[in-house]
Amino acid sequence: MSLREKLHVMVVDDMSTSRGLILQALDAMGVTNVRYTTDGNAAMAELEKKPAHLVISDYNMPGMDGLQLLKALRTHARLKAIGFILITGKADKQIIDTGRALGMNNFIKKPFQPKDLQNCMEAVVGRL
């Protein structure tokens, strides 16, 4: 069984269009164990029930943004080792530096191509 078949991914994005593009890219890569939520609080609740190997999260979301979700994951005993990729439309140095300080594994700037997402993921989990 290949990594792409074993990998469990949680996509967190409040915008249906963005979320759909990420889900399509994952499907095209052959990553089939994918769940999604529309905000950080829902993601935490789902991940507490069933952890994932990798979280791909938008930065700008209501309630709990991507960096707040990352901080919540990194301070949670069972979930702190989950890989984390931040997706942002504004890759400001402060956002990226804060993400790195919190333990972000990688980030990708919108807009991106499916191959860009694959390269970003492979830098975190290995070759798909």
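# Exercises on a predicted model

Pro111 lies in the loop that runs between β5 (106-109) and α6 (114-125). Helices (H or I, at least four residues) and strands (E, at least two) are DSSP runs, numbered from the N terminus. The model is predicted, so local features need pLDDT of at least 70 and side-chain atom pairs count only at pLDDT 80 or more, while totals for chains, interfaces and linings use all residues. Residues are numbered from 1 along each chain as its sequence is written, and side-chain values use heavy atoms, with hydrogens and water left out.

**Exercise 1.** State which kind of peptide bond joins Lys110 and Pro111.

Solution. Step 1: omega is about -10° for the bond between Lys110 and Pro111. Step 2: this peptide bond is cis. As background, most peptide bonds are trans.

**Exercise 2.** Describe how the axes of α2 and α6 cross, and name the residues in contact.

Solution. Step 1: axes are lines fitted to C-alpha atoms, for helices over the stretch in contact, and angles run from 0 to 180 degrees between N-to-C directions. Step 2: the axes of α2 (residues 16-29) and α6 come within 10 Å, crossing at roughly 70°. Step 3: α2 is therefore roughly perpendicular to α6 (angles under 35 degrees count as roughly parallel, over 145 as roughly antiparallel, 65 to 115 as roughly perpendicular and the rest as oblique). Step 4: α2 contributes Ile22, Ala25, Leu26 and Met29 to the contact, and α6 contributes Pro114, Leu117, Gln118 and Met121, where contact means heavy atoms within 4.5 Å.

**Exercise 3.** Is Leu73 buried or exposed, and which residues is Leu73 in contact with?

Solution. Step 1: Leu73 is found in α4 (residues 66-74). Step 2: Leu73 counts as buried, because its relative accessibility is 0%. Step 3: neighbours within four places in sequence aside, Leu73 is in contact with Met44, Leu47, Val55, Leu79, Lys80, Ile82 and Phe84.

Terms used. Buried < 20%, exposed > 50% of the residue type's maximum accessible area, 1.4 Å probe, protein only.
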